[in-house]
Amino acid sequence: MSENSSKTIIVRTFVLSTFVLAFIWFYWLIGQDKTELPSELIDSPAPKFEVADLLIDGVTHTQEEFKGKITLVNIWASWCPSCYVEHPFWKEYSKNDDIVLVGLNYRDEKSKALKFIREQGNYYDWTLFDQNGRLGIEFGVYGAPETFLIDPKGMIRYRHVGVVDHKVYQEIFLPLIEKIKRGL
Amino acid sequence: MSRQLLLLSSILFIFSFPCFATIDVYEFETPELEERFKLLTHELRCPKCQNQNLAGSNSTLSLDLKMIVYEKIIAGETDQQILDFMKKRYGEFILFKPEMSQNNVFLWVAPFIFVLVFLVFFLRWYMTHREVDND
């Protein structure tokens, strides 16, 4: 085989493999869910706030209350259909005593939010009433439901966009919670 | 004919629905402030409806973010402060013109690398063929 023809084979193989790799990369890329945004707040302290409790008049909460315990902050609203699907899971979860479950009622009308709690059940340890959505924006929320995992130092460790169910909890949240418990 | 016309008009009248157009009204003291508001709301992407900017989106989140931009301009914050506020909460994604960073540096330099590689190959090919032609 002449030197020229072996060179041509090398060039052709290189071009062909580049195209194949580009195709695989492109195929992988379009399979990704690019609508889900990573949270900017991972490994940052929870935002500062002073927001009223939804259920108890005159009571306000701050980010300081996250300290000392592992906390899950669940963003929900009465206008959010997926929240009705997700909510029954929290009933099962509320039996878990070593973790605090906080509801963040996002951009809702108080009467409708209270109706939701009355009809669907209250499984939250306490619920923030973020009527104008400003606390949601501090958390970088872009929809509901979303759930944040906060460690005992008040640092955000994970943000889940969408419904949390048994599978999501077992596969994503539980390993992270175990990691936090081990002090990592 | 006029009866039919009257009947048709009546039907159209009965089945017509009121339609209201809403526009956002942001009042600024100077045209410069208004211009800054327009530029910023065009440069910022809506995190909810991701192919639109804040100016073109009517989602609730966009309206809230537009109001924050407005309040911050009125409060005297600079464009950079406002962009930093948004970036801190929604990340680089919220900017339609991303800034160069460690994560995207390849995207910025890749075109130059490709042109350079092409030039090197082209020059080598050209030199070889020139030598062959000279022979």
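What share of the contacts in chain B with a separation of 6 or more comes from residues 24 or more positions apart? I looked it up in this predicted model: the share is 39%.

Next I checked what chain B is built from. I found five helices and zero strands, and read along the sequence the pattern is α-α-α-α-α.

Then I turned to the overall dimensions of chain B. I got a radius of gyration of 28 Å, against the value near 14 Å that a compact globule of 135 residues would have. I also boxed the C-alpha atoms along the principal axes, which gave roughly 95 × 55 × 30 Å. For burial, I noted that 15% of the 135 residues in chain B count as buried.

Over to chain A, where I picked strand E5, residues 126–130. Is this strand mostly covered or mostly open? I have it as mostly covered, with four of the five residues buried.

I then asked how E5(A) pairs with strand E4 of chain A, residues 99–106. The two strands run parallel, and five bridges join them. One bridge I wrote down pairs Tyr106(A), on one side, with Asp130(A) in E5(A).

Methods. Residues numbered from 1 in each chain as written. Chains lettered and ligands numbered in written order. Predicted model: local features only at pLDDT ≥ 70, side-chain atom pairs only at ≥ 80, totals over all residues. Buried ≥ 20, exposed ≤ 12 C-beta atoms within 10 Å, placed from the backbone. Pairing = 2+ DSSP bridges. Rg over C-alpha atoms; globule rule 2.2 N^0.38 Å. Contact = placed C-beta atoms within 7 Å.
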